[in-house]
Amino acid sequence: MNEGRARIIHNEITSTRKQFKLIAAENGFASDTHFTRFCKKELGKTPTEVRHGKIHAGDNVK
């Protein structure tokens, strides 16, 4: 389940200009903190790092 969720979130972070708070809310996160923890665990980077290209497509995305 987290794999699919991580891919969706990665896509939204990298291909849209949505605020992280909106992406988090749309994907069921109760807080920004939980969203950031999820990204760090599943994507290997914070949402800001992902958006700024510090992750390559597929890196650490389970």
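The protein chain exposes about 4,000 Å², of which carbon and sulfur atoms supply 50%, with accessible areas taken from the Shrake-Rupley method with a 1.4 Å probe and, for residues, only the protein chains shown counting as cover. This is a predicted model, in which local features need pLDDT of at least 70 and side-chain atom pairs count only at pLDDT 80 or more, whereas totals for chains, interfaces and linings use all residues. Residues are numbered from 1 along each chain as its sequence is written, and side-chain values use heavy atoms, with hydrogens and water left out.

**Overall architecture**

- The secondary structure of the protein chain comes to four helices and zero strands, where helices (H or I, at least four residues) and strands (E, at least two) are DSSP runs numbered from the N terminus.
- Read from the N terminus on, the elements of the protein chain run α-α-α-α.
- Of the 62 residues of the protein chain, 32% count as buried; buried means under 20% relative accessible area, exposed means over 50%, and partly exposed lies in between, with a 1.4 Å probe and protein chains only.
- Among contacts (heavy atoms within 4.5 Å) in the protein chain between residues at least 6 apart in sequence, 45% join residues at least 24 apart.

**Nonpolar core**

- The largest nonpolar core has eleven residues in all, namely Ala6, Ile9, Ile13, Ile23, Ala24, Phe29, Phe35, Phe38, Cys39, Leu43 and Val50.
- Helices α1 (2-15), α2 and α3 each supply at least two residues of this core.
- A nonpolar core is here a set of buried Ala, Val, Leu, Ile, Met, Phe, Trp, Tyr and Cys residues joined through side-chain atoms within 4.5 Å.

**Aromatic rings and the charge over them**

- The structure holds two aromatic pairs, a pair being counted when rings of Phe, Tyr and Trp (its six-membered ring) have their centres within 6.5 Å, with planes under 30 degrees apart taken as stacked, over 60 as edge-to-face and the rest as tilted.
- The rings of phenylalanine 29 and phenylalanine 35 have centres 5.3 Å apart and planes at 70 degrees, so this pair is edge-to-face, and both of these residues are buried.
- Ring pairs link Phe29, Phe35 and Phe38 into a cluster.
- The charged end of arginine 5 sits over the ring of phenylalanine 29, 4.0 Å from its centre, and the charged end of arginine 5 also sits over the ring of phenylalanine 38, 5.3 Å from its centre.

**Salt bridges**

- The structure holds four salt bridges, each defined by a side-chain nitrogen of Lys or Arg within 4 Å of a carboxyl oxygen of Asp or Glu.
- In helix α1, the side chains of glutamate 3 and arginine 7 meet in a salt bridge (3.9 Å, N to O), and because they are four residues apart in that helix, they are separated by about one helical turn.
- Glutamate 3 is partly exposed, with a relative accessible area of 42%, and arginine 7 is partly exposed, with a relative accessible area of 44%.
- Glutamate 12 and lysine 18 meet through their side chains in a salt bridge (3.4 Å, N to O); glutamate 12 counts as buried at 14% relative accessibility, whereas lysine 18 counts as partly exposed at 28%.
- Glu12, Lys18 and Glu26 are linked in a network of salt bridges.
- Lysine 21 forms a salt bridge with aspartate 32, the closest N and O atoms being 3.7 Å apart, and this pair links distant parts of the chain, with lysine 21 in helix α2 and aspartate 32 in helix α3, eleven residues apart.
- At 54% relative accessibility lysine 21 counts as exposed, while aspartate 32 is partly exposed, with a relative accessible area of 38%.

**Two individual positions**

- Asparagine 27 has its place in the loop between α2 (20-26) and α3, and asparagine 27 is buried, with a relative accessible area of 15%.
- Not counting residues up to four places away in sequence, asparagine 27 touches Arg5, Ile8, Ile9 and Glu12.
- Threonine 33 is found in helix α3 (residues 32-42) and is partly exposed, with a relative accessible area of 43%.
- The C-alpha atoms of threonine 33 and lysine 21 are separated by 9.9 Å, the two residues being twelve residues apart along the chain.

Methods:
Lys NZ or Arg CZ within 6 Å of the ring centre and 35° of its normal.
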